[in-house]
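This briefing is intended for a reader who is new to the structure shown below. Please consult the sequence and the model while reading.

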Amino acid sequence: MFLDIQFSLRNNPSYIKYLRYNSYWYKILLRNPSEFKNFKNTYKKFEQEEKIYKLSKTLDYLEMLSSIMSTLK
């Protein structure tokens, strides 16, 4: 892996966390460093989906709380 890619990964802890959960990217980046752009795009898509999932989960939780409060009244 080229040093510039290593520095980019080290400077962004989110990338490292993503790499730990998706370790196949280590092999891809070692064999073909030009795939780093693809890695970043994949990471951005994952991050966006994760935000949507968290928001959905929070809304479900609030909905549940609301229904509990309404039954208690």
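The points that follow cover helix packing, aromatic pairs and a salt bridge.

The model is a predicted one. It holds nine aromatic pairs and one salt bridge. Helices H1 and H2 pack with their axes 4 Å apart.

**Packing of H1 and H2**

- Helix H1 spans residues 3–11 and helix H2 spans residues 13–21; the two pack at an angle of about 100 degrees.
- Because angles of 65 to 115 degrees count as roughly perpendicular, H1 is roughly perpendicular to H2.
- On the H1 side, the contact is made by Ser 8, Leu 9, Arg 10 and Asn 11. On the H2 side, the residues that meet them are Pro 13, Tyr 15, Ile 16 and Leu 19.
- The residues of this contact of H1 with H2 divide into five nonpolar, two polar and one charged.

**Aromatic pairs**

- The structure holds nine aromatic pairs. One of them joins Tyr 18 and Tyr 43, whose ring centres are 5.6 Å apart, with 70 degrees between the planes. This pair is edge-to-face.
- Tyr 18 lies in helix H2 and Tyr 43 in helix H4, so their pair ties together parts that are 25 residues apart in sequence.
- Tyr 18 is buried, with a relative accessible area of 5%. Tyr 43 also counts as buried, at 8% relative accessibility.
- Tyr 18 pairs with Phe 46 as well: the ring centres are 5.0 Å apart and the planes stand at 50 degrees, so this pair is tilted.
- Phe 46 lies in helix H4 and Tyr 18 in helix H2, so the pair ties together parts that are 28 residues apart in sequence.
- Phe 46 counts as partly exposed, at 33% relative accessibility.
- Ring pairs link Tyr 15, Tyr 18, Tyr 24, Trp 25, Phe 36, Phe 39, Tyr 43 and Phe 46 into a cluster. Tyr 15, a member of this cluster, also takes part in the contact between H1 and H2.

**Salt bridge**

- Side chains of opposite charge can pair when their charged atoms come close.
- The structure holds one salt bridge. It is formed by Lys 54 and Glu 50, with their closest N and O atoms 3.5 Å apart.
- Lys 54 and Glu 50 are four residues apart in helix H4, which covers residues 36–72, so they are separated by about one helical turn.
- Glu 50 counts as partly exposed, at 29% relative accessibility.

Methods: Residues are numbered from 1 along each chain as its sequence is written. This is a predicted model: local features need pLDDT of at least 70, side-chain atom pairs count only at pLDDT 80 or more; totals for chains, interfaces and linings use all residues. Side-chain values use heavy atoms; hydrogens and water are left out. A salt bridge is a side-chain nitrogen of Lys or Arg within 4 Å of a carboxyl oxygen of Asp or Glu. Buried means under 20% relative accessible area, exposed over 50%, partly exposed in between (1.4 Å probe, protein chains only). Axes are lines fitted to C-alpha atoms, for helices over the stretch in contact, and angles run from 0 to 180 degrees between N-to-C directions. Angles under 35 degrees count as roughly parallel, over 145 as roughly antiparallel, 65 to 115 as roughly perpendicular and the rest as oblique. Contact means heavy atoms within 4.5 Å. Ala, Val, Leu, Ile, Met, Phe, Trp, Tyr, Cys and Pro count as nonpolar, Asp, Glu, Lys and Arg as charged, and the others, Gly among them, as polar. Rings of Phe, Tyr and Trp (its six-membered ring) pair if their centres lie within 6.5 Å; planes under 30 degrees apart count as stacked, over 60 as edge-to-face and the rest as tilted.
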